[in-house]
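Reader: Could you walk me through this structure and tell me what lies behind the terms?
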Amino acid sequence: AVTAGKAAAMIGEEIARGQNIAVLTTRRAANYPDGAVVMHLGDDDKPEDAARNLFHLLRTLGHQVDTIYVESVPDTGAGIAVMNRLRKAASSRIHVQPSANA
């Protein structure tokens, strides 16, 4: 698992290299580097909201950014579908950052 600090550092490095980065977060007050497009995926205690929003956000961001970072949701109930979709969508690497309540 990747900690929040490590994820922020990775995002900052990619932004410094000129990459367009998006972050889908389950926390409304997420702290990510300036320059990242931060979008609210849904609350981590409501994975059904995250599932509904995930597909829309991936389609919206698909060709506008180089990399999309997504905070994980609990791998139970609707969260299983979310995490499965993320694993399928990942092209080369997956870094999972558990949410605060996972």
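Author: Gladly. A polar contact is a pair of N or O atoms within 3.5 Å; within protein, one must be able to donate a hydrogen and the other to accept it, and residues adjacent in sequence count only if both atoms are side-chain atoms. This is a predicted model, where local features need pLDDT of at least 70, side-chain atom pairs count only at pLDDT 80 or more, and totals for chains, interfaces and linings use all residues. Residues are numbered from 1 along each chain as its sequence is written, and side-chain values use heavy atoms, leaving out hydrogens and water.

Reader: What does the side chain of Glu71 make a polar contact with?
Author: With the side chain of Tyr32, at 2.7 Å, which is within the 3.5 Å limit. A polar contact of 2.9 Å also joins the side chains of Glu71 and Thr25.

Reader: Why does Glu71 count as buried?
Author: Buried means under 20% relative accessible area (1.4 Å probe, protein chains only). Glu71 has 2% relative accessibility, so Glu71 counts as buried.

Reader: What makes H2 kinked, and where is the kink centred?
Author: The bend at a residue is the angle between axes fitted to the seven residues ending there and the seven starting there. In H2 the kink is about 30°, centred on Asn53.

Technical notes:
Buried < 20%, exposed > 50% of the residue type's maximum accessible area, 1.4 Å probe, protein only. Helix = DSSP H or I, 4+ residues; strand = E, 2+ residues; numbered from the N terminus.
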